Amino acid sequence: MSTAILTGPPVAEVPLEGDLRSLGFDVRVAADAAGVAAELAAVPAGERVALVDPRFVGHLHSLRLALTDPRFPVAAVPGALTARPEARAALARAVAAATAAPRESAPVAAGRGTADTAPTAPASAGLPDRVAAALEDDADAPAVHRPELGTLVAAVPADETAREEARRAVEAVDEEAVRLRSAVKARDGFFTTFFISPYSRYIARWCARRGLTPNQVTTASLLTALIAAACAATGTRGGFVAAGALLLASFVLDCTDGQLARYALKYSTLGAWLDATFDRAKEYAYYAGLALGAARGGDDVWALALGAMVLQTCRHVVDFSFNEADHYEGAGTTGAAGPTAALSGRLDKVGWTVWARRMIVLPIGERWALIAVLTALTTPRTTFVVLLIGCAFAACYTTAGRVLRSLARRAERTDRAARALADLADSGPLAEGVAAALKGVRLPAFAAPALALLGAAVPVAAALWTPVGGPWPVAAAAAYAVLAGAAVARPLKGALDWLVPPLFRAAEYTTILVLAARSEANGALPAAFGLVAAVAYHHYDTVYRIRGGTGAPPRRLVRAIGGHEGRVLVVTAAAALWAGSQGFTIALTVLAWALALTVLAESVRFWVSSQAPAVHDETGEPA
């Protein structure tokens, strides 16, 4: 239960208490500032607390945004403030400061508009606004989140005339329309924006009014995608048509869960994890369904299915690695990015180029729509070939632009960014040992990506062009371990060092793909598909932990599963021992299950713990 404390006697004919109760607050009334401190002390330490000026006039959704969003320890709009349990100590200090020494300054912003900026509260301001100002002056207090209100109203009128003006402003705005618009990401893909969101937001509202949670909708989306994969696995034309339609339905639900979370402000750590991981599970399960369906018709497309998964995962790692590396000393979040970024900014101001550029990168909406249509109208082989061509073009386009931006920057990357890149590299004991041996050795500026590129080429080339079952892939894997260790021997602060993790991913995944494809062992490619899926899950899990600010998985886990170089060595050794026999398939299957169980157990343990962060993608950057 949450508690709202009115900081003075209620104002007649103002439904404020009812509004607060509708938001789930137990309402208490304090007669004066001393009473507020007493009421605050009486609230159990584990509860959220809100301070609300009894003169508040505004939309219910303004209060909802300020007082119920679970993502922020402290949030405020004019006349209202909330603090989660972890910020209660800071709130108590701020209340004492605000009641003891109110300060003179500029008037508090009121009325419709944004609460993004932090107003300075004068002595005549209400207590919640003075407390918010005191929190912002407290270096040890959490940052005060001020939600974007847009046309919504949040005001503390000083007299009856101002009160009447505020009421008219409230009546002039369609609150529900604003709430529906705010449920949709401000930035999204073309297909999602124009073909899904215009109606999925109403599905989200329907779900909210019936008490459904975002996690339930996320689960429904997963189940729908799995049924789609099962339909594709039948190998019949009717099954393919049904699979395409169900995949689109799954995507509608995938959009709906996030819109429901924004509409009802029902964010959760578990929900963020489910949303982040289920998208990949749905897409890759569908790839497997298509491959099974093709096999029923006599066409083996497992290599194409695995290739699509490898390419898509490497694209994501490029995105994650570049974004995590994009932090520079003395330059805010990004360094000066030169003419490439300037051109990109200019293009973003031209309407049609914005949508064209978003479609070129083949985000999840466009990608799933393409897969669904091709599944219904063509064959699995055609679907995968077109998908591979589109994703390869998108990967080249985005990577080239990021390389140009990186080369134009002059600022030095932060230690945090270098640490994130090292964690994304996923180096195991072998690479760590080499890196430790080379610590202190001076290397050229572009040594890390050059060594990573050379290292990635060695095992892939050996897998492609040396005899199947021979010793050369094993020797190449050993060389890869040495080169990979040398690549991470110094902090990854170079201009192109963010390429190191995706190069390692490409080396590991592609080596497994090529060895399985060249092996004559029955079932080797499906087993390799499962192995890459298990490893990819570990890498996605690492990304979302880093994005949440908690760092990578524990080193004991990374060492236990061998690191990327250790897994490459194990797979090449298995190929040398059992190539052409069922032993290779069995080895890949056992390794896939062992990795999946180990990684999943640690992942579930972490994400259901109290230390897990809530990682919500509100950037709108297409996946």
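User: At what angle do helix 18 and helix 24 pack?

Analyst: This is a predicted model, where local features need pLDDT of at least 70, side-chain atom pairs count only at pLDDT 80 or more, and totals for chains, interfaces and linings use all residues. Residues are numbered from 1 along each chain as its sequence is written, and side-chain values use heavy atoms, without hydrogens and water. Helices (H or I, at least four residues) are DSSP runs numbered from the N terminus, and axes are lines fitted to C-alpha atoms over the stretch in contact, with angles from 0 to 180 degrees between N-to-C directions. Helix 18 (residues 429–437) and helix 24 (residues 563–578) have axes 5 Å apart, at an angle of about 125°.

User: Which class does helix 18 take relative to helix 24?

Analyst: Angles under 35 degrees count as roughly parallel, over 145 as roughly antiparallel, 65 to 115 as roughly perpendicular and the rest as oblique. The angle is about 125°, so helix 18 is oblique to helix 24.

User: Which residues of helix 24 make the contact?

Analyst: Contact means heavy atoms within 4.5 Å. Helix 18 contributes P429, L430 and A431. On helix 24 the residues are E565, G566 and L569.

User: How many disulfides are there?

Analyst: A disulfide is a pair of cysteine sulfur atoms within 2.5 Å. For C396 the nearest cysteine sulfur, that of C391, is 11 Å away. The count is 0 disulfides.

User: Is C396 buried or exposed?

Analyst: Buried means under 20% relative accessible area, exposed over 50%, partly exposed in between (1.4 Å probe, protein chains only). C396 has a relative accessible area of 54%, so C396 is exposed.

Technical notes
Helices (H or I, at least four residues) and strands (E, at least two) are DSSP runs, numbered from the N terminus.
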